[in-house]
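This report covers confidence, symmetry, contact and core, in plain terms. The sequence and structure come first.

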Protein chains: 2
Amino acid sequence: MTNKDEPVRPEARLPKGFSDISAGEIRATETMLGTIRQVFESYGFEPLDTPAIEFSDALGKFLPDQDRPNEGVFSFKDDDDQWLSLRYDLTAPLARYVAANYQNLPKPFRRYQAGPVWRNEKPGPGRFRQFTQFDADTVGASSVAADAELCMLAADTLDALGVERGQYVIKVNNRKVLDGVLEAIGLGGEANAAKRLKVLRAIDKFDRLGIEGVSALFGKGRKDESGDYTKGADLTPAQSKEVLNYLGGKFAVMGAGEGASGWNASFSAWKSIVGESESGQDGIEELIQMARLLWETGYRYEQISFDSSVVRGLEYYTGPVFEAELTAPIKDERGQPIRLGSVVSGGRYDGLVERFTGEKVPATGISIGVSRLLFGLQLLGKYKDSTPQGPVVVLVFQDQPIANYQKLVYRLRHPDDGGPPIRAEMYLGSGKIGAQTKYADKRGSPCVVIQGGDEKAKGQVQIKDLILGATLTSIKDRDEYLKKQAEAQFAVPESDLVEAVRGVLSRHKA
Amino acid sequence: MTNKDEPVRPEARLPKGFSDISAGEIRATETMLGTIRQVFESYGFEPLDTPAIEFSDALGKFLPDQDRPNEGVFSFKDDDDQWLSLRYDLTAPLARYVAANYQNLPKPFRRYQAGPVWRNEKPGPGRFRQFTQFDADTVGASSVAADAELCMLAADTLDALGVERGQYVIKVNNRKVLDGVLEAIGLGGEANAAKRLKVLRAIDKFDRLGIEGVSALFGKGRKDESGDYTKGADLTPAQSKEVLNYLGGKFAVMGAGEGASGWNASFSAWKSIVGESESGQDGIEELIQMARLLWETGYRYEQISFDSSVVRGLEYYTGPVFEAELTAPIKDERGQPIRLGSVVSGGRYDGLVERFTGEKVPATGISIGVSRLLFGLQLLGKYKDSTPQGPVVVLVFQDQPIANYQKLVYRLRHPDDGGPPIRAEMYLGSGKIGAQTKYADKRGSPCVVIQGGDEKAKGQVQIKDLILGATLTSIKDRDEYLKKQAEAQFAVPESDLVEAVRGVLSRHKA
């Protein structure tokens with residue numbers, strides 16, 4: 001039965017795949033982003049912000065999921081009928097920015113950007129439709145030294161965040177090598193582009209699907225748990241075998257030798273697979289250069305290794321690709337092991353600016369998945385809790401002038417002892433003193449300030465230490481109890497308010 | 001003539017009303033937001049983040065421009081045909097959040113939030129379709145002490161940002177008073193709601209249109225410069241005169257008296273205009289309470305005053321409303337005076353949570369227009385430039401192993417003297433030494449590090465101070481020139497790299 005006089009009320013809920021972020025997570029994220037920013041700045045990158053909304057054609061369609069019916073992007077028409085989209089990453093807007101401002105930029109152009117991106121994807125557990133990325137890119141540098149530097153940046157960032165050596169690895173590969181493998185088995189040329197893309201995306205799922213799933217996707221296709229069928233790349237068994245053979249090539253090349261002589265030998269297996277493919281040989285040479293540069297600069301195999309199964313799902317990569325994983329055994333709250341996936345990823349994309357200008361502009365970059373990285377740090381116990389103490393709450397007696405309480409708060413917020421402001425507030429609700437103290441507890445207040453008529457008449461305030469007070473019930477010894485009780489609640493002259501409150505706060509500093 | 005073989009290239013441009021933000025503005029904004037955050041934290045507010053996208057019905061339609069054909073909001077359908085919108089402010093999402101989480105929140109609930117909002121409006125000069133707001137709200141407090149506190153917060157924030165006394169004013173009014181005036185002239189009741197809204201929006205344009213424009217909007221209507229016609233509220237001349245009479249009432253009530261006795265007298269003109277309207281008398285009483293509390297806490301008339309023309313355009317306000325303006329004479333680059341508009345605005349909105357739950361939840365808040373405030377600070381010379389020194393650039397000779405240069409950079413980024421990292425990068429482009437030095441100049445580098453074959457053979461590096469070097473040409477005296485030249489470029493043993501670079505950096509610290 002619906003009452004027609006009842007107004008229709010909207011339901012207070014969020015669309016699937018979106019979520020609110022709590023104070024604790026915001027503060028932890030801010031601290032983490034501050035550390036990342038410092039490292040990125042120390043590398044000479046400069047900040048840039050681009051808007052959330054761009055012309056759809058300027059962003060292009062470069063999502064791994066573009067072969068799904070819904071193309072992964074939130075789009076809508078502007079008043080003048082032009083299509084607009086919410087950015088789905090920070091790389092496509094960077095390409096637009098560089099193309100529009102090329103003449104005025106220093107070259108190479110090195111920028112970092114942090115901000116939310118949106119994906120119109122089927123939401124699932126841990127899969128959000130809005131999430132934050134933190135990117136660094138070098139545009140206008142064709143040298144693989146730029147790619148190697150981004151691997152160093154990823155390593156230094158994880159170091160700075162307290163992830164220990166051995167708890168992470170940066171895995172490196174080169175799209176050109178995969179191209180070479182595919183060329184060697186007869187899948188080169190424009191006509192096979194769609195097939196190559198299918199192979200690429202199959203490999204990108206290696207971690208999740210294993211060799212069997214990937215084999216199926218190389219062949220006729222694969223049905224997933226939900227019953228959805230993905231058509232395969234339709235390779236011949238012989239072709240499939242060659243690619244799978246290549247995928248076996250994981251090695252920590254950084255450990256292969258203490259000098260230049262070691263590198264070539266380490267990559268020899270890959271060299272024989274790509275055969276005479278020029279692209280393949282080129283790609284391997286680039287990896288050898290990166291390996292040498294990383295090693296000689298001081299990065300070690302436990303930080304950075306080479307892995308043929310790393311291809312990254314994005315179509316636009318044209319050279320080295322990299323991803324960082326947390327390798328320490330990570331367990332969820334129930335002790336189950338968690339595979340977190342990559343926390344940093346990136347690669348070289350020499351064609352993105354060319355889309356606009358027709359001129360090749362080499363570019364390479366990395367992207368940090370901010371909330372995934374924060375989650376990983378939490379699981380590793382590297383979460384930096386930067387939550388400040390709750391506010392000092394000044395309780396309010398309804399029979400006293402409210403201005404008296406506001407003045408006490410004012411003195412705490414503007415202390416005259418030259419120290420920093422004390423976080424404080426006057427209770428603004430309508431509850432009695434008991435409810436007010438409960439409120440203070442809920443806010444994590446270290447103490448409350450009490451001034452009823454009696455105290456006012458004596459020119460005093462009472463300070464009640466809530467944290468110490470909460471421990472009183474567990475004290476058995478009477479003298480001890482009385483001593484602690486006196487510390488937990490005491491009166492001081494109103495003029496000593498700031499000093500007394502600071503005393504209580506310093507008892508409970510982290 | 002179009003060449004059919006030529007691929008169609010998207011144009012690298014942004015939709016109107018959107019813009020990129022430069023490194024300098026990002027840094028200035030970050031610094032400003034940091035200061036605001038500190039003040040908000042000192043008041044006991046806690047951070048919250050909500051997503052950019054919400055259900056359209058949950059946000060509701062509460063924009064001043066909702067009477068325009070395009071309703072001011074970017075909206076689109078989700079896969080399941082439900083309407084989604086980009087948030088147009090941070091208040092509507094807060095109401096949704098509070099309604100959804102009411103049971104678990106401390107009451108009052110005090111939160112701050114900073115983030116971008118989007119308006120699908122006709123863009124114009126200085127009018128953006130994406131901009132950042134920084135809000136603080138107190139939900140669950142019906143006392144005007146909560147409103148007064150937000151005025152204090154606005155004043156303290158502007159103080160903390162370096163805006164001097166007399167350079168800003170926080171103007172306060174109460175919607176109930178305007179309601180009272182309208183009731184007194186026979187415009188009370190549900191039947192006149194649309195008319196009242198028109199009057200409200202006309203008054204909100206008082207600053208821009210002056211008395212003549214507002215009169216026209218009270219009457220038949222008004223044609224603006226672009227030829228667009230806005231239909232008026234259709235008041236009778238007598239009604240119009242009464243409202244205009246009320247609008248004359250600007251006074252700095254804080255200066256009206258040093259004690260409680262002064263307040264009532266100051267508001268007597270308003271009292272006679274609202275006549276017997278209960279809402280009007282209530283509203284004036286609330287303003288008197290706020291005035292008393294602000295005064296007794298120590299805020300003064302040059303900070304906070306009362307102004308009948310302040311109504312704020314948003315329909316949902318139900319009580320006190322406030323806005324902060326920078327009052328110092330502000331001039332643009334050509335010396336023309338600028339009217340900046342309000343940099344902080346807000347008010348009480350007791351009905352927003354009720355939309356969802358049917359239960360009244362009192363709430364009040366303020367919103368800072370971040371880029372407008374930053375612009376104002378710049379014009380007042382209060383802009384805090386927090387741009388770090390440009391990176392030290394290590395130049396690269398193509399005939400030397402690149403790893404040597406990367407190692408020098410590594411030492412600067414990871415200094416072994418226990419000091420902070422030195423911002424540094426290896427030149428990653430393909431230019432010769434001259435082009436590399438130009439790049440360093442463009443980046444604002446204080447110095448470059450040079451190590452050709454000769455220096456390497458001697459185990460040395462050259463440090464070239466670009467800032468000092470740029471001053472050499474103006475030196476007439478030969479000895480002075482040679483002395484400065486020696487300081488501007490010098491060789492040190494490679495082992496002294498960090499010390500030597502720090503020496504140059506400290507010459508140019510701000």
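Which residue of chain B comes closest to the rotation axis? B:Phe76 does, with its C-alpha at 3.1 Å.

The model is predicted. Chain B is superposed on chain A by a rotation of 180° with 0.0 Å of shift along the axis, at an RMSD of 0.1 Å. The two copies are thus related as by a two-fold rotation axis. Both copies use the same surface: of the contact residues of chain B, 100% recur in chain A.

## Confidence

For the model, ipTM is 0.91 and pTM is 0.91. Chain A has a mean pLDDT of 89, with 93% of its residues at 70 or more. Residues 66-70 of chain A have a pLDDT below 50, and this stretch has five contacts in the model beyond near neighbours in sequence. Where pLDDT is low, the predicted coordinates should not be read in detail.

## Nonpolar core

The largest nonpolar core has 264 residues. Those that touch the most other members are A:Cys151, A:Val394, B:Cys151 and B:Val394.

Leaving aside residues up to four places away in sequence, B:Cys151 touches B:Ile170, B:Val172, B:Leu294, B:Ile304 and B:Phe322.

Conventions. Residues numbered from 1 in each chain as written. Chains lettered and ligands numbered in written order. Predicted model: local features only at pLDDT ≥ 70, side-chain atom pairs only at ≥ 80, totals over all residues. Least-squares fit on C-alpha atoms with pLDDT ≥ 70 in both. Contact = placed C-beta atoms within 7 Å. pLDDT = per-residue confidence, 0-100. Core = buried A, V, L, I, M, F, W, Y, C linked by C-beta atoms within 7 Å. Buried ≥ 20, exposed ≤ 12 C-beta atoms within 10 Å, placed from the backbone.
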